[in-house]
Amino acid sequence: MKRYSKLVLAGLLVAIIAICAWGGPASADTVFPQTGYAMWGPFESYWQAHGGLAQFGLPRTSVYPTGKGYDAQWFERALFTYNPNNPDPYKVQLQLLGDIATEQRGGEAPFHPAPNSGQGQYFPATGYNLSGKLLDYWKNNGGLAIYGYPISEQFMEKSRADGKVYTVQYFERNRLELHPEFAGTRFEVQLGLLGSELLDRQGGPAAFANLGRPAFYPAATAGVPIVPGTIVTPPNAGTASPVPVPEVPAAPALPVTSRNVLFSDDFSSPDLAAWQPAAGLGQGAGTPSAWRVNTSKGWLEQSGRASEDFTDENAYLLTRDRS
């Protein structure tokens with residue numbers, strides 16, 4: 001099945017916007033099938049109010065007791081904590097993952113305090129400069145409250161996620177990355193996956209799975225799962241903007257045959273376990289992206305970024321079933 005890229009990508013934005021913009025009540029614990037974990041109560045309220053998926057990513061553990069007077073939950077880009085002893089609105093806080101990730105790197109040149117360069121903004125509190133597109137992103141997406149102060153200068157670093165080298169800068173709570181391959185789009189500056197990196201360093205979600213019930217966190221209510229087949233934007237993809245979605249006419253019914261049918265699927269179910277995504281068969285094929293069945297619209301879609309396509313335009317979905 002060859003990709004009908006622009007049309008289906010526009011369709012995907014509807015699902016992305018529905019998730020990113022949904023502002024349900026604090027008690028509506030949302031379960032994310034992509035990781036199998038829920039966001040509960042105050043954490044969900046904070047997540048929704050301060051940037052959602054683009055800022056914090058998906059939950060990677062359940063809420064667990066830390067034994068230090070507060071509860072915590074890991075996300076792809078953050079570690080949330082809940083301390084009932086703090087006054088509102090400070091019961092939910094973001095931990096200083098940038099500080100933790102770089103605590104052994106003080107001897108490296110980018111982490112030496114620098115003089116004021118006269119460009120952008122200088123932070124005397126930590127002794128670092130912030131300028132250009134990273135400064136713009138920092139200012140426009142939460143600033144000091146979300147990222148904290150810079151704790152390094154800008155420098156080149158190899159990514160743990162894809163092995164490529166990017167311009168990065170560390171902050172008390174995260175890392176900003178400059179992606180020139182997405183120049184001119186909202187994805188040019190991206191947040192590092194420090195939550196996932198630090199969590200995996202400690203053994204991953206399994207290391208936090210049997211720590212008991214949260215000591216202080218409000219009890220979970222009935223979970224509200226995301227509809228099966230729904231697409232959540234992949235890590236580092238940013239938050240999409242609404243676009244018009246064209247309607248696609250229903251596919252015509254297949255003709256009746258008297259011969260043996262080797263395999264068939266009417267895509268009435270979101271289950272695509274019998275299918276295998278594959279990149280295009282030509283030279284230089286890119287990365288095959290995930291597929292989904294949009295049961296509300298009645299069509300098959302391939303995921304991807306509408307503003308900056310990153311998958312092979314000739315990707316295919318092949319059946320695993322040869323019976």
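Strands β10 and β11 run antiparallel and are joined by 4 bridges, two strands being counted as a pair if DSSP finds at least two bridges between them. The two form a hairpin with 4 residues between them. On another pairing, β9 and β10 are joined in the antiparallel sense over 4 bridges, with K158 standing opposite V165 in β10. The hairpin of β9 and β10 has 6 residues between the strands, and there G163 takes a positive phi near 80°.

Of the 6 residues of strand β10 (residues 165–170), 5 are buried, so this strand is largely enclosed by the rest of the structure. Buried here means under 20% relative accessible area, exposed means over 50%, and partly exposed lies in between, with a 1.4 Å probe and protein chains only.

## Confidence and conventions

Residues are numbered from 1 along each chain as its sequence is written. Because the model is predicted, local features need pLDDT of at least 70 and side-chain atom pairs count only at pLDDT 80 or more, while totals for chains, interfaces and linings use all residues, and side-chain values use heavy atoms, with hydrogens and water left out.

The mean pLDDT of the chain, pLDDT being the predictor's confidence in each residue from 0 to 100, is 77, and 72% of the residues reach 70 or more. Over residues 231–246 pLDDT stays under 50, and for this stretch the model has 51 contacts beyond four places in sequence, a contact meaning heavy atoms within 4.5 Å. Residues 304–311 also have pLDDT under 50 throughout, with 29 contacts beyond four places in sequence.

## The open sheet of four strands

An open sheet is formed by 4 strands in the order β3-β4-β5-β6, with antiparallel pairing. Strands β3 (64–65) and β6 (92–94) stand at the edges, each with a single partner strand, so one side of each is left without a neighbour in the sheet. Helix α2 (residues 41–49) packs on this sheet and touches β4, β5 and β6, and its direction makes about 130° with that of β5; such axes are lines fitted to C-alpha atoms, for helices over the stretch in contact, and the angles run from 0 to 180 degrees between N-to-C directions.

Strand β4 (residues 71–74) pairs with strand β5 (residues 79–82) in the antiparallel sense over 4 bridges, and a hairpin joins the two through 4 residues. Across this pairing, D71 stands opposite Y82, and the bridge partner of Q73 in β5 is F80. Strand β5 also pairs with β6 in the antiparallel sense, over 3 bridges, and there the bridge partner of F80 is L94. Both faces of β5 are covered, with L79 and T81 on one side and F80 and Y82 on the other all being buried.

## Nonpolar cores

A nonpolar core is a set of buried Ala, Val, Leu, Ile, Met, Phe, Trp, Tyr and Cys residues joined through side-chain atoms within 4.5 Å. The largest core has 28 residues, and W47, F56, F80, W138 and L176 touch the most other members. The elements that give two or more residues to this core are α2, α3 (52–56), β5, β6, α5, α6 (143–147) and β12, and α5 gives the most, with 4 residues. Apart from this core lies another, of 17 residues, including F111, L194, L198 and L199.

## Salt bridges

A salt bridge is a side-chain nitrogen of Lys or Arg within 4 Å of a carboxyl oxygen of Asp or Glu, and by this rule the count comes to 8. One of them joins R105 and E157 (2.7 Å, N to O). R105 lies in the loop between α4 (97–101) and β7 (121–123) and E157 in strand β9 (residues 155–158), so the pair ties together parts that are 52 residues apart in sequence. Both R105 and E157 are buried.

Another salt bridge joins the side chains of E197 and R175 (2.9 Å, N to O). This pair links distant parts of the chain, with E197 in helix α7 (residues 194–201) and R175 in strand β11, 22 residues apart. E197 and R175 are both buried, and a network of salt bridges links R160, R175, E177 and E197.
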